[in-house]
Each structure stands twice: as structure tokens, then as C-alpha cells.
Amino acid sequence: MTRLAEESSFDRPVPGMALTAELGGRPWQNPPQYTNIDEVLDFYVDRMSSEEFIDQAVDILEMGVPVTMLANTMQLANVMEGLHTVDTGTLALPVIMEMLMMLGDSANIEYTSGLDNPSTLSSKNPTRKSLVAKAASRYKDVLDEADFEPSEDADEEELDEEEEEVIEPSGLMARRG
Amino acid sequence: MPRRTDPAISAYNNMDIENMPKEKQTVKSTGLLGRPSKSSEGSMDFNNPTIRAAKQLEAIRKYRNEINDTTS
């Protein structure tokens with residue numbers, strides 16, 4: 001509110017300003033690059049098979065982002081870039097989702113499909129662990145499994161090292177034994 | 001996006017690939033007087049973009065099921 005009050009009223013966008021761009025000036029106002037469902041599906045399958053995409057998608061899914069949301073975002077972003085229309089994008093949505101779920105399954109991670117009813121999901125799994133909590137619990141497991149009792153050999157080696165580490169005087173005027 | 005209006009959920013749930021009409025093997029007639037093949041009801045219409053998307057989905061689903069079977 002205070003920020004709005006600070007701004008000059010003349011600098012604000014005029015209502016309807018978004019509609020004043022020249023027709024065809026936006027990518028989605030031009031004919032799409034991929035016109036039919038086959039081309040659109042080929043584009044998505046090719047793109048989603050790249051190693052770079054797989055790594056990123058698996059990271060995002062592991063963060064708890066639902067598959068539905070990720071698929072929607074990808075599809076809408078490509079509509080905005082003028083790659084395909086909304087119609088073909090909506091048709092391709094199930095294939096994109098299935099690909100994402102396949103990536104999640106092959107990476108053997110836990111992901112949210114977004115298809116389940118949230119009320120039933122919350123009763124099944126009330127709190128979804130964040131990545132930090134997951135990492136902390138994994139670290140705790142590693143610590144529990146680790147054997148911190150020093151072995152006898154290690155003790156002897158340490159003693160030898162301590163004996164060797166006698167600091168000799170380095171200055172010119174220092175006495176030498 | 002609200003769950004009710006999410007196009008991804010409705011598109012995925014409506015893609016009923018288990019009950020899709022099966023592809024029929026059409027026997028080509030060799031003679032000139034053979035009957036022209038009619039597109040019978042229940043066979044796949046590959047001019048329909050939904051059917052083409054469903055075929056792709058079916059292939060990926062099959063592969064996904066194989067992955068799940070091997071990991072579980």
C-alpha cells in the first residue's frame with residue numbers, strides 16, 4: 001500500500017494496456033511452429049529424453065512439485081513461445097504427465113502425481129518431508145551406522161605421528177640442541 | 001490452479017486407454033471384385049488426434065509398467 005502511494009499515478013500501467021501491443025507482435029498470436037499432435041508429441045518426447053532435462057525434472061519432482069503442475073507449466077510455456085496451440089498442448093498433457101511419471105519411476109524417487117484427492121492424500125501422508133529434513137534424516141542414519149570406535153592400529157599410528165611432529169626452532173638466534 | 005479446473009487432471013483421467021477400441025487386422029482382398037473395407041464401428045480412427053495421443057500414451061504406460069515391475 002505504501003509502495004503504491006509512493007509511485008506516481010502517471011507511471012502506472014493504464015487498464016487495458018496489455019491489449020495495446022501490435023497484433024501478431026506476440027509469439028502466441030502467430031501461427032504455431034508445430035501444427036498437429038504428432039509433431040507436438042515428437043517435440044516433447046525428444047526434449048524429455050535428453051539427459052539434461054531428465055536431471056532437472058527428477059530434481060523438481062523430488063522437491064514435491066506435482067506432476068500435473070509441472071506438465072501444465074511446460075505446456076503453457078511452450079504455448080507462450082509459439083511452439084504449439086493450447087488445443088494440441090492440452091491433448092499432449094497426458095503424454096507429458098506419463099513421461100514425467102516414467103522418469104520418476106526410473107529414477108526410483110518418490111513423487112506426487114497430483115491426481116490423487118488432496119484430502120485422502122493428507123490422511124495417508126500428513127506431512128511431506130522437505131529436502132532438508134530428508135537429508136537430515138539420511139545423515140542421521142549414516143551417523144548411526146558409522147563406527148566411531150578407534151581401532152588399535154589407528155591409535156598406534158597416531159602415536160607415531162605425534163612423536164615425529166617435534167617442532168624445531170626455525171629462527172636464526174634460536175638455540176639448537 | 002484449482003483442482004477442479006486443472007486441465008491436466010481431467011485430460012489424464014479421461015484418457016481411458018484400457019478400454020480403447022482394439023486395432024483390427026484388415027484382410028486385403030486381392031481380387032478386383034473384392035469388397036472395399038468399411039470402417040467398422042469400434043475400430044480405431046487414426047484421423048482422430050486423441051487416438052494418436054492415446055497410442056503414444058499406451059506405449060509409454062507399457063514401458064513404465066515394465067520399469068515398475070522390475071523395480072518392485
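What covers the buried residues of helix 1 of chain B? Keep that question in mind while working through this predicted model.

**Stop 1: chain B**

Select chain B. Its secondary structure consists of two helices and zero strands. Of the 72 residues in chain B, 12% are buried. Now select helix 1 of chain B, where the buried residues are B:A8, B:I9, B:A11 and B:Y12. Show chain A as well, and the opening question can be answered: the cover over these residues includes helix 4 and helix 5 of chain A.

**Stop 2: where the chains meet**

Keep both chains in view. In the contact between them, 21 residues of chain B meet 22 residues of chain A. On the chain B side, helix 1 (7-14) and helix 2 (49-71) each supply at least two residues. Helix 2 of chain B gives the largest share of that side, 13 residues. Sorted by class, the side of chain B that touches chain A has 13 nonpolar, four polar and four charged residues.

**Stop 3: helix 4 and helix 5 of chain A**

The crossing is right-handed. Residues to pick out on helix 4 include A:A71, A:M74 and A:Q75, and those on helix 5 include A:A92, A:I96 and A:M97. In total, this contact has twelve nonpolar, four polar and no charged residues.

**Stop 4: helix 2 and helix 5 of chain A**

On helix 2, select A:I37, A:V40, A:L41, A:Y44, A:V45 and A:M48; they meet A:T88, A:L91, A:A92, A:V95, A:I96 and A:M99 of helix 5. By class, the contact has eleven nonpolar, one polar and no charged residues.

**Stop 5: the largest nonpolar core**

Bring chain B back. In soluble globular proteins, nonpolar side chains tend to be buried together. The largest nonpolar core in this model has 31 residues, and those touching the most other members are A:A71, A:A92, A:I96, A:M97 and A:L100. Two or more residues come from each of helix 2, helix 3 (51-62), helix 4 (67-80) and helix 5 of chain A, and from helix 1 and helix 2 of chain B. Helix 5 of chain A gives the largest share, ten residues.

Which residues are in contact with A:A92, leaving aside its neighbours within four places in sequence? Select A:A92 and look for A:I37, A:V40, A:L41, A:Y44 and A:Q75, together with B:A53 from the other chain.

**Stop 6: A:G104**

Move along helix 5 of chain A to A:G104. Is A:G104 buried or exposed? A residue counts as buried if 20 or more other C-beta atoms lie within 10 Å of its own; A:G104 has 22, so A:G104 is buried. Leaving aside neighbours within four places in sequence, A:G104 is in contact with A:V58, A:L61, A:I109 and A:Y111. Finally, select A:E62 as well: A:G104 and A:E62 are 42 residues apart in sequence, and their C-alpha atoms are 8.3 Å apart in space.

Note on methods: Residues are numbered from 1 along each chain as its sequence is written. Chains are lettered from A and ligands numbered from 1 in the order in which they are written. This is a predicted model: local features need pLDDT of at least 70, side-chain atom pairs count only at pLDDT 80 or more; totals for chains, interfaces and linings use all residues. Two residues are in contact if their C-beta atoms, placed from the backbone, lie within 7 Å. Helices (H or I, at least four residues) and strands (E, at least two) are DSSP runs, numbered from the N terminus. Ala, Val, Leu, Ile, Met, Phe, Trp, Tyr, Cys and Pro count as nonpolar, Asp, Glu, Lys and Arg as charged, and the others, Gly among them, as polar. A nonpolar core is a set of buried Ala, Val, Leu, Ile, Met, Phe, Trp, Tyr and Cys residues joined through C-beta atoms within 7 Å. A crossing is left-handed if the near helix is turned anticlockwise from the far one by less than a right angle, and right-handed if clockwise.
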